[in-house]
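Keep the model open beside you and try each task before reading on.

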Amino acid sequence: MGNSEGGELSYTLKIEVKDGKYRYWLTDFVYQPYQRNRYGNVEHMHGKDVSLEKASEKLSKVDFNACLNQVLSNSKHVGDNLKAYMLKTSSLEKPAEVKKVKRVSTKEW
């Protein structure tokens, strides 16, 4: 967004894994705007968090479009990384089953 930092997006990632399959959801997107403090450092503006559902009303059109582009590119990146990780872990050998040890009865010698 030009020479200034606009803000940060946070989200929740939920993953379900079952029998060699997985699915995931990215939810609860929240935009957290930044501002420069009196020392010139960029910091989070407390109390100004905006959920993505209401961002079109609260942010300018340019900031909202930049926010959506960031969501789309980062969501695809997270999905690609997750897919690569799942393929990598599915190709690993499964651990051998632990054999049950026969119990020896000390009463019957």
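**Exercise 1.** Find the residue in β2 that stands opposite Leu-13.

*Solution.* In this predicted model, start with the two strands: β1 covers residues 7-18 and β2 covers residues 21-36. They run antiparallel and are joined by eleven bridges. Now look across from Leu-13, and you reach Leu-26 in β2. Finally, follow the chain through the turn: the hairpin has two residues between β1 and β2, and Asp-19 there has a positive phi of about 45 degrees.

**Exercise 2.** Work out which strands pair with β2 over two bridges and over three bridges.

*Solution.* Take the two-bridge case: β4 (residues 50-51) pairs with β2 in the antiparallel sense, and Tyr-31 has Val-50 as its bridge partner in β4. Then take the three-bridge case, which is β3 (residues 42-44), also antiparallel to β2.

**Exercise 3.** Identify the element that gives the largest share of the largest nonpolar core.

*Solution.* Begin with the members: the core has twelve residues, among them Leu-26, Tyr-31, Val-50, Phe-64 and Val-78. Next, ask which elements give two or more residues; these are β2 and α2 (61-90). Of the core, α2 supplies the largest share, four residues. To see one set of contacts, select Val-78: leaving aside residues up to four places away in sequence, Val-78 touches Tyr-11, Leu-13 and Leu-26. That brings you back to the facing pair of Exercise 1, Leu-13 and Leu-26.

Terms used: Residues are numbered from 1 along each chain as its sequence is written. This is a predicted model: local features need pLDDT of at least 70, side-chain atom pairs count only at pLDDT 80 or more; totals for chains, interfaces and linings use all residues. Side-chain values use heavy atoms; hydrogens and water are left out. Two strands pair if DSSP finds at least two bridges between them. A nonpolar core is a set of buried Ala, Val, Leu, Ile, Met, Phe, Trp, Tyr and Cys residues joined through side-chain atoms within 4.5 Å. Buried means under 20% relative accessible area, exposed over 50%, partly exposed in between (1.4 Å probe, protein chains only). Contact means heavy atoms within 4.5 Å.
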